[in-house]
Amino acid sequence: MASLQDLPGARGRYAIFGRVFLYAILLLFAAYYLLPLGVMVSTSLKSAAELRSGSLISLPRDFSFEAWGFAWNKANVGVNATGLAPYFWNSVVMVVPSVLISTFMGALNGYALTKWKFPGANLLFALILFGSFIPFQLVLLPMSLTLGFLGLAGTTAGLVLVHVVYGLAFTTLFFRNYYTSIPDDLVKAATIDGAGFFQIFFKIMLPISTPIMVVSIIWQFTQIWNDFLFGASFSSGASAPITVALNNLVNTTTGVKQHNVDMAAAIIAALPTLIVYVLAGKYFVRGLTAGSVKG
Amino acid sequence: MATLTIKNVQKRYGTVAVLKGIDLELHDGEFLVLLGPSGCGKSTLLNMIAGLDTITDGAIEIDGRVINDIHPKDRDIAMVFQSYALYPNMSVARNIAFGLEMRGMNKPDREVAVKKVAALLQMEHLLDRKPAQLSGGQRQRVAMGRALVRDPKVFLFDEPLSNLDAKLRVDMRTEIKKLHQRLGTTIVYVTHDQIEAMTLATRIAIMKEGVVQQFAPPQEVYEQPANIYVASFIGSPAMNFIPAQIVSEADRIGVRIEGAQGASVLPLPAPSAAVLKKVGHDVILGVRPETIARYQHGTNLPPNFARFSAQVSVTEPTGADTLTYLALGGRDAIARVPPKEAPNAGEVAEFTVDMARACLFDPKTEQRVG
Amino acid sequence: MQSSLRSSLSRLVVAPTFLLVLVFVYGFILWTAYVSFTGSKMLPSYEWVGIDSYVRLWQYERWHVAITNLFIFGSLFIAICLALGCLLAVMLDQKIRIEGTLRTIYLYPMALSFIVTGTAWKWLLNPGTGVQAFVRDLGFPEFTFDWLINEQFAVYTLVIAAVWQSSGFVMALFLAALRGVDQEIIKAAYLDGASLPRIYWGIVIPSIRPVFLSAIVILAHLAVKSFDLVVALTGGGPGFASDLPANFMYEMAFRRNQINIGAASAMMMLCTVMAIIVPYLYSELRGAKRG
C-alpha cells in the first residue's frame, strides 16, 4: 500500500493536512494506550501525602521508591505482611520448569507429528489442539481432586503439572507448524546418512528451531506468569503465584488503602512480562498470531 | 560401483497403483536417467531404491543382494536431493562428514575424507561456511560432496539441477557428467528435463503413469522412439506428427499426406514387413524438424529423400536455425532450416524430408510401426 | 517415511502428551459432565439425579445476570475491538514513520496480566481517585463517572478495560493481513481511478474477510473465558451485577459448595465455546487441507 503515496498525483493540496491529521490520531491512540501505565508508574512513585493532594496525571514532585519497597517486602498480602517478594519467587519457581518442560515436549510432538507421520497423526493433533479451546472452568473441579489424590494440592509442583498439561496444545501447535515448513528431504538425507529418530531430532531439528523455540518460551512464559485462574484455584496461602498475591494485596481490607503501594505492586507483577515484551516483542506477536490464527 | 536390478517392482497406495511393474537392469558404472513428467512415478521409484519408501511388490537388488528390507544407511547408497537438504545448523565440512560420523568413523579419518572430496569439487574455501552463506551452485556442490564422500555403490540424484538458474544448470550438468566419467560410478538420476536426460544418460528409462515406456540409450530413444509419447517427450521442438496413409504406388510404397497443392506421396525407402502389412491404412508420420529442409532447385535428391510443397505460416528465427511452420496434413509442422534458406511467411515453398529418419506410428495404439 | 520401528517410535514420543490430554482434557470434561447430573454439594457424589442441577441453575437470578452480562460484554467487546483494531491497522498501513514504536505501544497491554490491568483500571475508574476526581478538580464539580460502583453500568467498565487490553492485538492481526494483500490488485484499482478510502473499503477490507472471522472467534473465546478481569476490576460487584459465567462457576464450585451447579454452569460455557469454535475449526482445517 505504502508505495501508492509516492505515485504522481497522490500528493494533492490537502494531502499534507491529511498526513498531519493521521499522525495526530495515531499519537492520540498511543496516549490512550500508554496513559494507564503512565498513571500507574507516576502514582507508584508518589508519597502517600502527595497522593492525597495531587491530581491523577500530575507527575510526582519528588520521586520516592518507598511504595515499591513497601509492596516488595512489607505490604499485607492476605494475612501476612510479607510483601510480594516470596510470591514473586513462587512464580519464578513455577514458571521456569513449566515453560521448559512444555516447550521440550511440544518440540518432540511437533517433530513426531510432521516428520514421522503415522496413520491418525492429524486426528491426534486435532485432539491435542482442542485442549487449548476449552474453558478451563471445566477442568477446575476434577483437577483439584486429582491434585489432592496425587498429593500435589496447594503445591508449586501441582501448578507446574497443570501449566504443562494445558500448555502442551500451544507448544505442539507452534512446533508442528514450524516443522511443517522444514523440508522432509532434510530428514530423508539424515536417514540415508545413518542418523536415527532421536539423533535427527537433537542434531538437526532442535538446532534449527531457535526462532520457534523463542516464540514458544515467550508465549508460555507470558501465559503462565499472568495466569490467575489456576493459581487461585490450586494454590494455597504461601504457595500462591504473584497474580494471586497481587489480587490479595489490592483487595486486602486491613489497614489504610495505599494506592501508591497497589500500583507499585501491579507494576512489580507486570514487570517480567513487560520486559520480555519490550526485548522480544517480535517473537511475542508471532506467538500471538500463530497461537490464535492458525487454530 | 555396482549393478542395480529392479525386478517387477510395484507400488500401491491402497487401491491406487503408482508403479505398475518396473523392470530395469543396470550394469556396473551405468548412468540411468528416469525421465518423465511429475506424477509418473519416477521419484517414487528413486525413493524405493533409497529405502525411503516401501516396496509393495517385486525386488530391488544391488550387486545381486535384495535390499527391499534393508535400512537406507545399510544399502550403501548416497542421494542428492532437489532441495539439497543441507543441514542448516552445520558447516559445510560437518555436512559432508555427517554420514561418516553417523557410521562411527573417527575424526582424523573424516577430515581426510572431507578434504579429498572438497578438492575434487574445488570447494576447499567453503568448508567453514554455513549453507545459508552459499550460492545455489555452491549448495549443489556441497550436496554432491556429501554423497561422494561416502563412496557408495550407487548414487541417487533427485532432480538435482531444477533449483538452479538456466546458465548454472548447464554448467553443473557438465560437471556431473565429468564426475561420472572420472569416477565411473553407477548412478540413478531423476529428471523431467529431456536435455539433461539426453546429455547425461548411458540409458534412459522414460516413464508415464507408473510404466516404463522405453528403456534404451539416448540416441536410440531419439531416433527410434517406442511410441508417440516418447517421441513427443524427447526433442525440442518436438517431433511433427502428420496424419497420413500408407499407399502402394507403382512399385513403390509411400505415405500420402495433404500438402499445399493437394496430396503428395512420400516414398518409403526399404519398408519393413510390418509397414507392408499396413498398406491402405491410416498412420501417423513422425518427422523430426531437422530432417525437413528447403529444396534446392536443380539438385539431385538422394533416394531416401522425398519432396513436397507446403505453405509457410510463420517463421521464428532462433539464431542458429529458423523454425519454419508449414501447413501439412491439416496441421502445423515445424522445420528447422538454416537462416539463409528460410522462406518468408505466406510463401508456398518446396521442401525435402529424409524418409530414412522418419517414423510411422499406429494412430490407435500410438506404438511405432516397424 | 516408512520404517515401522521409527513409526512406532514416533507414536511412543507423542503418547505421553496424548495420555495427558486424554485424561486431563477429555476425561475431565466427562467427569464434569457426569457430576453436573449428580447432587454433589461440597464433595462430589456420584449418584445420578438427572437434570436437576440444570433446572436449578436456570432458576438462579445470578446466573441470568451473568449470561446477560456475557452477552452485553461480549458483543460490545468484540465490536469495539474489531472497529478499533481495523481502524488502527489501516492508519498504520500508510507508511507511518514511527510505525514500529506505535505498534509496540498499541500492543503492550496484551503482555499484561488481567489482574494488573484490572488493578490499574480499578483505580482510574474509581470515582474517588480516578477520572471523576480528576475532572472535578479541573473545575467541573458536577462531573460524574461512577460506572464502577453503579449496578447498571459496572459491566461496561469491563468492556473499557478489556478493549484497552485486546484491541492492539486485533490491530496486529489486521496489519499482518493488510500486508499480505496483493499489491498489484491495489495498483490496478488505483490506475482505474479509485480513491484511497474506496480502495480500502471496496477491495482491501473485503479481501481480508477471513481475518475478521478469526478475530471474532478469538475475541469471543476470550470473552467467554473472562474471569481474572472481573475479579480484579469489579469483583463481580456491586453485588453480583457484573458477574460473568466464569465467575459464577468459580463462586458456586469453590465458595458455595454447590459442585453440581458449578459443573452445570461449566458445561453451559463449554456449549457456548463449542458453538463458536467447532464451525470455525472445521472450516480452518478444511481450508488447510485444500491449501
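In the predicted model, the contact between chain A and chain C takes in 72 residues of chain A and 85 residues of chain C, where two residues are in contact if their C-beta atoms, placed from the backbone, lie within 7 Å. Helix α13 (residues 259–292) of chain A gives the most to this side of chain A, with 15 residues; helices (H or I, at least four residues) and strands (E, at least two) are DSSP runs numbered from the N terminus. By class, the side of chain A that touches chain C has 54 nonpolar, 17 polar and one charged residues. Ala, Val, Leu, Ile, Met, Phe, Trp, Tyr, Cys and Pro count as nonpolar, Asp, Glu, Lys and Arg as charged, and the others, Gly among them, as polar.

Between chain B and chain A, 17 residues of chain B and 13 residues of chain A are in contact. In chain B, β6 (77–80) and α2 (92–102) are the elements that give two or more residues to the side touching chain A. That side of chain B has 12 nonpolar, three polar and two charged residues.

Also in chain B, strands β9 (residues 203–208) and β10 (residues 211–216) run antiparallel and are joined by five bridges; strands pair if DSSP finds at least two bridges between them. Met207(B) stands opposite Val212(B) in β10(B). The two strands form a hairpin with two residues between them, and Glu209(B) in the turn has a positive phi of about 50°.

Residues are numbered from 1 along each chain as its sequence is written, and chains are lettered from A and ligands numbered from 1 in the order in which they are written. Local features need pLDDT of at least 70 and side-chain atom pairs count only at pLDDT 80 or more, whereas totals for chains, interfaces and linings use all residues of this predicted model.
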